[in-house]
Amino acid sequence: MSELIEEYMDVLQNIEFALVGVYDKNPTLTDTGTMYAVETLIKVYTGESRGREVALPQFKPEEREAYDTAKRMCDWRLGRSSMEDEKGKKAEDVEPLTLEVIIACLKRLLKSINTWYKRGGRRGYYEFVKQFIK
């Protein structure tokens, strides 16, 4: 697992950056809501890799924003879309990753969220990771 972290640290950081932005705007977003969004994203990409479509659940608005924001970042890393910053400047294209790599990164991220939730409470992951992202 540490090899995954080393090789794809930039991908993990990209997704974390996206999630921290959602946490910043939504004080009601909790780690459990973020886990739900990431778990759903894993199911969607796993279903896609198997040729199945997965229906999205009923999200709370902040969970839906976490899902959508993380998905946009993942789709960019998959080479499916472009990414722009707040000022509209287009990010450089990146080497497209496979679904398997994105799924593995999301699973690793989910493990991290769960760990920090258990240690720090409702927003433990956010409180931990924001010190590295901002």
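1. Contact here means heavy atoms within 4.5 Å. By that criterion, and leaving aside neighbours within four places in sequence, L110 is in contact with M35, V38, E39 and I42. L110 lies in helix α5; helices (H or I, at least four residues) are DSSP runs, numbered from the N terminus. With a relative accessible area of 17%, L110 is buried, where buried means under 20% relative accessible area, exposed over 50% and partly exposed in between, with a 1.4 Å probe and protein chains only. L110 and A37 are 73 residues apart in sequence, yet their C-alpha atoms are 9.7 Å apart in space.

2. On provenance: this is a predicted model, in which local features need pLDDT of at least 70 and side-chain atom pairs count only at pLDDT 80 or more, while totals for chains, interfaces and linings use all residues. Residues are numbered from 1 along each chain as its sequence is written, and side-chain values use heavy atoms, with hydrogens and water left out.

3. Helix packing. The axes of α5 (residues 99-120) and α6 (residues 124-133) come within 6 Å and cross at roughly 110 degrees. That makes α5 roughly perpendicular to α6, a label given to angles of 65 to 115 degrees. Axes are lines fitted to C-alpha atoms, for helices over the stretch in contact, and angles run from 0 to 180 degrees between N-to-C directions. On the α5 side the contact is made by L109, S112, I113, W116, Y117 and G120, and on the α6 side by G124, Y125 and F128. These residues divide into six nonpolar, three polar and no charged; Gly is counted as polar in this scheme.

4. I133 lies in helix α6 and, at 19% relative accessibility, counts as buried. Apart from neighbours within four places in sequence, I133 is in contact with Q13, E16, F17 and V20. The C-alpha atoms of I133 and N14 are separated by 9.5 Å, at 119 residues apart along the chain. The buried residues of α6 are G124, Y125, Y126, V129 and I133, and they pack against α2, α3 and α5.

5. Nonpolar core. A core is a set of buried Ala, Val, Leu, Ile, Met, Phe, Trp, Tyr and Cys residues joined through side-chain atoms within 4.5 Å. The largest one has 41 residues, of which I15, Y45, I102 and L106 touch the most other members. Elements giving two or more residues to this core are α2 (9-25), α3 (31-49), α4 (61-77), α5 and α6. Helix α5 gives the most, with nine residues. I102 touches V11, Y45, C74, R77, L78 and L97, not counting residues up to four places away in sequence.

6. Aromatic pairs. Rings of Phe, Tyr and Trp (its six-membered ring) pair if their centres lie within 6.5 Å. The whole structure holds six such pairs. For Y36 and F59 the ring centres are 5.4 Å apart and the planes are at 70 degrees, so the pair is edge-to-face, the class for planes over 60 degrees apart. Y36 is in helix α3 and F59 in the loop between α3 and α4, 23 residues apart. Y36 counts as partly exposed at 29% relative accessibility, whereas F59 is buried at 13%. Separately, Y23, Y125 and Y126 form one aromatic cluster.

7. A loop position. P27 is in the loop between α2 and α3 and is exposed, with a relative accessible area of 65%. The C-alpha atoms of P27 and E62, 35 residues apart along the chain, are separated by 9.0 Å.

Technical notes: Parallel < 35°, antiparallel > 145°, perpendicular 65-115°, else oblique. Phe/Tyr/Trp six-rings, centres within 6.5 Å; stacked < 30°, edge-to-face > 60°.
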